[in-house]
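Please work through each task before reading its solution.

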Amino acid sequence: MTMRKVLCSPGSYIQQEGAMGQLAKEYSAIGSNGAYLLVDPMIDKLYHDQIVSSFEQEHVPYRLVVFGGECSMEEIERNRQNLGEADAVFGIGGGKTLDAAKAMAYFEHVPVAIVPTAASSDAPCSRLSVLYTPDGVFDKYLPLPANPNVVIMDTDIIAKAPVRFLISGLGDAFATYYEAAACVQSNAITMTGGHATNAAFALAKLCHDTLLEDGVKAVAAAKAGVRTAALENIIEANTLLSGLGFESSGLAAAHSIHDGMTALEGTHQMLHGEKVAFGTLAQLVLEDRPLDEVKEVYTFFREVGLPTSLAGIGIADATDEELLSVGEHACGPDETMGNMPFEVTPIDVAHALRAADVIGKAI
């Protein structure tokens with residue numbers, strides 16, 4: 001039997017306190033002419049001195065440019081024109097800033113370092129950028145040929161980020177194991193172009209176990225703005241374990257339902273991981289998971305502050321027709337619902353969403 005298994009990962013993953021003040025050291029491993037720093041505007045206001053300090057102390061040339069707000073081709077082209085002699089790109093801030101840095105580095109054929117300032121999703125480690133129009137409307141996915149050269153997590157800064165971002169990261173990460181398990185069962189082709197490795201699935205399982213063990217404690221630490229062992233573990237789970245787990249094991253119902261829910265205006269106020277979390281609850285319904293397991297997930301979501309109802313994702317009054325439209329989007333040809341180990345129809349999704357809402361009220 002011939003089978004292609006693929007595991008993708010960033011070249012290096014670094015997680016430590018004070019990492020933002022050591023960027024020049026990390027740059028020396030990937031470049032020599034100078035660094036291009038693409039920085040989220042709010043992060044530049046808060047941490048400008050920390051970002052540039054090591055470059056100035058070590059006399060490393062750099063150029064800091066404030067991100068324009070949308071990961072659009074226009075923004076990417078603007079930064080490409082500004083690259084000059086720089087031979088490595090640093091993306092510093094939130095998801096759109098990071099995606100723009102990845103795309104810019106890809107088009108310019110230079111290394112890229114990704115520096116998230118919150119543990120809000122599993123995207124930093126991935127070989128993918130999500131592109132938007134200048135007005136913020138989704139444009140397309142840009143698959144990349146390689147993962148970032150290095151991902152750098154400054155745990156002091158992440159501990160002080162808005163707690164909602166960390167909780168959203170928990171929601172995104174929690175889907176990892178359940179979607180990976182569905183893909184392994186169906187022998188799906190993952191985003192890497194191959195089948196899941198045992199190593200990737202083990203990371204997805206470790207992600208799940210870490211979330212249950214340390215999620216509540218990590219949220220408490222983040223609310224206090226302090227760095228604890230539990231928060232360190234959750235930063236790694238949200239970013240690295242989930243990142244490798246989803247990309248090399250695959251996505252299934254939870255993320256496709258998330259995509260479908262974006263068609264309803266009420267969900268637009270919600271963060272990615274919050275919508276993915278409710279998508280996970282709907283996937284549990286679709287799979288008819290054991291009641292004890294379902295109770296465990298709902299309890300965990302409540303303890304950390306993730307939504308367990310349609311009201312929690314902004315669509316308390318969603319009609320049957322609207323939920324069916326979510327299902328139609330979720331079951332589209334370009335979605336990952338096809339990775340489920342059984343056929344799922346739009347009406348199945350609509351019913352699962354309604355049932356997940358009622359279960360949340362009953363448990």
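**Exercise 1: A pocket**

The largest share of the lining of the second largest pocket, three residues, comes from helix 4 (residues 95-108). Helices (H or I, at least four residues) and strands (E, at least two) are DSSP runs, numbered from the N terminus. The model is predicted: local features need pLDDT of at least 70 and side-chain atom pairs count only at pLDDT 80 or more, whereas totals for chains, interfaces and linings use all residues. Residues are numbered from 1 along each chain as its sequence is written, and side-chain values use heavy atoms, with hydrogens and water left out.

Task: describe the volume and lining of the second largest pocket.

Solution. Step one is the definition: on a 1 Å grid over the protein atoms alone, a cavity is a set of points where a 1.4 Å probe fits but cannot get out, while a pocket is an open set with protein on both sides within 12 Å along at least five of seven lines; lining residues have an atom within 4 Å of a point. Step two is the volume, about 160 Å³ for the second largest pocket, taken as the space filled by probe spheres set on the points, which are joined across faces, edges and corners. Step three is the lining of 13 residues, of which Tyr-106, Val-110, Val-112, Ala-146 and Asn-147 lie nearest the centre. By class, the lining has nine nonpolar, three polar and one charged (Ala, Val, Leu, Ile, Met, Phe, Trp, Tyr, Cys and Pro count as nonpolar, Asp, Glu, Lys and Arg as charged, and the others, Gly among them, as polar).

**Exercise 2: A cavity**

Task: state which residues line the largest cavity.

Solution. One cavity of 30 Å³ or more is counted, and about 50 Å³ of space lies in the largest cavity. Its lining consists of Ala-118, Ala-119, Ile-158, Ala-159, Ala-161, Pro-162, Val-163, Phe-165, Leu-166, Ala-222 and Leu-231. Helix 5 (155-159) and helix 6 are the elements giving two or more residues to this lining; helix 6 has the largest share, three residues. The lining divides into eleven nonpolar, no polar and no charged residues.

**Exercise 3: Two helices**

Task: determine how helix 6 (residues 163-186) and helix 9 (residues 253-261) pack.

Solution. The angle is about 130° and the axes lie 8 Å apart; axes are lines fitted to C-alpha atoms, for helices over the stretch in contact, and angles run from 0 to 180 degrees between N-to-C directions. Helix 6 is therefore oblique to helix 9 (under 35 degrees is roughly parallel, over 145 roughly antiparallel, 65 to 115 roughly perpendicular, and the rest oblique). Asp-172, Ala-175 and Glu-179 of helix 6 meet Ala-253, Ala-254 and His-255 of helix 9, where contact means heavy atoms within 4.5 Å.

**Exercise 4: The sheet**

Task: give the strand order of the open sheet.

Solution. The six strands run in the order 1-8-5-4-2-3, with parallel pairing; two strands pair if DSSP finds at least two bridges between them. Strand 1 (12-16) and strand 3 (62-66) are the edge strands.
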